[in-house]
Amino acid sequence: MFSLHEKEDTIVALATPQGVGAIAVIRLSGKDAIKICNQVFKGKNLEKQESHTIHFGTIRDGEKIIDEVLVSLFVAPKSFTKENAVEISTHGSSYIVNQVIKLLVRKGARPAKPGEFTQRAFLNGQFDLAQAEAVADLIHADSETSHQAALNQMRGGFSGEISKLRAELIHFASMIELELDFTEEDVEFASRDDLRILVEKLLRVVEQLIGSFDLGNVIKNGVPTVIAGKPNAGKSTLLNALLNEEKAIVSDIAGTTRDFIEDEINIGGVIFRFIDTAGLRETTDVIESIGVSRTQEKMKTASLILYLFDLGDTDMIEINRDINKLENLSVPFVKVANKIDKGNPQFISELKKNHPDTIFISAGQKENLDALKNRVLELVNMDKFRTGNTIVTNIRHYDSLVKTRQSLLDVLEGLDNEITNDFLAMDIRRSLHYLGEITGEITTDDLLDNIFSKFCIGK
């Protein structure tokens with residue numbers, strides 16, 4: 001975390017991606033941001049202009065014109081950081097960008113650290129820590145659902161839930177603390193029955209938030225989905241068909257895929273990370289056997305398995321045996337019958353009767369892939385997200401909620417055992433501490449450093 005002295009600095013960084021483009025945006029923030037920019041800007045006197053105005057002119061190093069630019073002004077506290085801020089839109093040449101930034105540094109700015117603009121916004125009270133973290137999630141959102149989850153958190157949806165929990169608990173904590181000042185009078189300001197009711201209510205909410213993390217993790221990071229089955233069942237063909245490109249090598253030779261191939265596809269606004277694995281079979285090939293072993297490990301850690309089998313080369317006994325093995329993994333799976341054009345009609349009829357939830361496709365002909373996509377989307381269970389429920393997507397928040405739950409359980413245990421007020425107050429304070437860590441009401445320098453160091457420079 002930057003020092004108090006550094007907090008007074010004016011910082012500068014490129015806010016748009018590195019590389020050549022039509023324009024680039026250079027951002028300054030700090031007490032002297034407008035003053036420093038005004039020293040190199042030829043146009044209107046920026047220090048006399050209103051906030052949220054844009055001005056055309058040139059950036060000059062002495063008499064040398066570096067570029068024609070547009071300068072956007074944000075006068076404190078009406079800016080992202082709540083400090084004076086300037087955004088300079090230049091042409092997208094890396095040479096121009098470097099020249100402008102070097103010039104601004106010579107005039108008194110310093111290069112920003114990763115996440116320093118957002119960190120200043122947090123420290124200046126623009127938003128809480130959970131909302132600040134959502135800024136990074138929003139930048140990296142690569143699907144409709146991850147974008148919506150980050151946007152909801154950035155706008156205070158999750159923070160609102162946590163603040164309500166803390167506010168209700170703070171009232172009882174203050175009453176318990178007050179009782180400690182009147183121990184000799186033996187008075188009760190906080191009803192133990194009411195406290196129990198409140199803690200049980202808070203536990204239900206915390207449990208719901210903890211339970212939402214599996215879905216939140218899927219929304220943020222994608223669904224690891226393993227395509228498993230015998231060699232030549234068509235796993236690589238299916239991966240290629242889903243991706244609509246020749247990602248995996250397709251061959252009639254059994255065991256062509258020796259390791260696993262991974263790529264992503266967006267289905268219904270959700271990212272699925274499909275993993276094409278080595279075929280599951282007994283083999284004496286040393287290299288192939290390593291691939292089979294890795295396949296089995298991937299299956300254990302997957303969120304979803306597509307069990308693919310060849311209708312022309314699999315019998316019911318084999319299918320039932322494989323399904324029993326998959327059920328023992330306790331991982332959701334979809335039964336996918338491939339090469340429907342080669343299947344015996346009688347066998348297909350028997351399969352539909354014994355396993356009515358089977359999806360019948362032809363990966364080679366790209367037939368019925370939409371039905372498969374709809375099924376995998378159903379298994380992710382997006383209903384909870386689409387109804388607007390708060391979803392936890394951040395592992396740090398999840399960890400704090402788990403600790404909060406344990407502290408609340410300790411409060412209940414203390415009430416059951418009629419422990420003294422000082423120990424009861426200690427457990428309540430611990431619950432408040434962990435909830436406060438989420439929104440940043442309780443922070444340490446190490447925590448802030450860890451969070452903001454993961455941001456890109458310029459944000």
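**Chatting over a predicted model**

Visitor: Which residue in β2 stands opposite Ala 13?
Guide: That's Arg 27. Strands here are DSSP E runs of at least two residues and helices are H or I runs of at least four, both numbered from the N terminus. Keep in mind that this is a predicted model, where local features need pLDDT of at least 70 and side-chain atom pairs count only at pLDDT 80 or more, while totals for chains, interfaces and linings use all residues. Residues are numbered from 1 along each chain as its sequence is written, and side-chain values use heavy atoms, leaving out hydrogens and water.

Visitor: In what sense do β1 and β2 pair?
Guide: Antiparallel, over 4 bridges. Two strands count as paired if DSSP finds at least two bridges between them.

Visitor: And what's the strand order in the open sheet?
Guide: It goes β3-β4-β5-β6-β2-β1-β7, a mixed sheet of 7 strands. β3 (41–42) and β7 (110–111) are the edges; each has a single partner strand, so one side of each has no neighbour in the sheet.

Visitor: Switching to His 55: buried or exposed?
Guide: Buried, at 6% relative accessible area. Buried means under 20%, exposed means over 50%, and partly exposed is in between, using a 1.4 Å probe and protein chains only. His 55 sits in strand β4.

Visitor: What does the side chain of His 55 make a polar contact with?
Guide: The side chain of Thr 53, at 2.7 Å. A polar contact is a pair of N or O atoms within 3.5 Å; within protein, one has to be able to donate a hydrogen and the other to accept it, and residues adjacent in sequence count only if both atoms are side-chain atoms. Leaving aside residues up to four places away in sequence, His 55 also touches others, including Phe 41, Val 69 and Leu 73. Contact here means heavy atoms within 4.5 Å.

Visitor: OK, helix α3. Which residues are buried?
Guide: Ile 96, Val 97, Val 100, Ile 101, Leu 103 and Leu 104. Looking down the axis, they fall within an arc of 160°, so they line one face of α3. That arc is taken from the directions between the helix axis and the C-beta atoms. Tyr 95 and Arg 106 are exposed on the other side.

Visitor: What do the buried residues of α3 pack against?
Guide: Several elements, among them β1 (11–14), α2 (33–40) and β6 (85–92).

Visitor: What caps the N-terminal end of α3?
Guide: Ser 93, with a side-chain oxygen 3.1 Å from the backbone nitrogen of Tyr 95.

Visitor: How about α5: how many of its residues are buried?
Guide: 9 of the 12, so α5 is largely enclosed by the rest of the structure. Asp 128 caps its N-terminal end, with a side-chain oxygen 3.1 Å from the backbone nitrogen of Ala 130.

Visitor: Last topic. Which residues have the most contacts inside the largest nonpolar core?
Guide: Leu 238, Phe 272, Phe 274 and Leu 306, in a core of 30 residues. A nonpolar core is a set of buried Ala, Val, Leu, Ile, Met, Phe, Trp, Tyr and Cys residues joined through side-chain atoms within 4.5 Å. Elements giving it two or more residues include β10 (270–276), β11 (304–310) and α14 (369–380). There's also a second, separate core of 29 residues, which includes Ile 210 and Leu 415.

Visitor: Which residues of α14 are buried?
Guide: Leu 369, Leu 372, Val 376, Leu 377 and Val 380. They fall within an arc of 135° seen down the axis, so they line one face of α14. The face turned away from that buried side carries the exposed Asp 370 and Glu 378.
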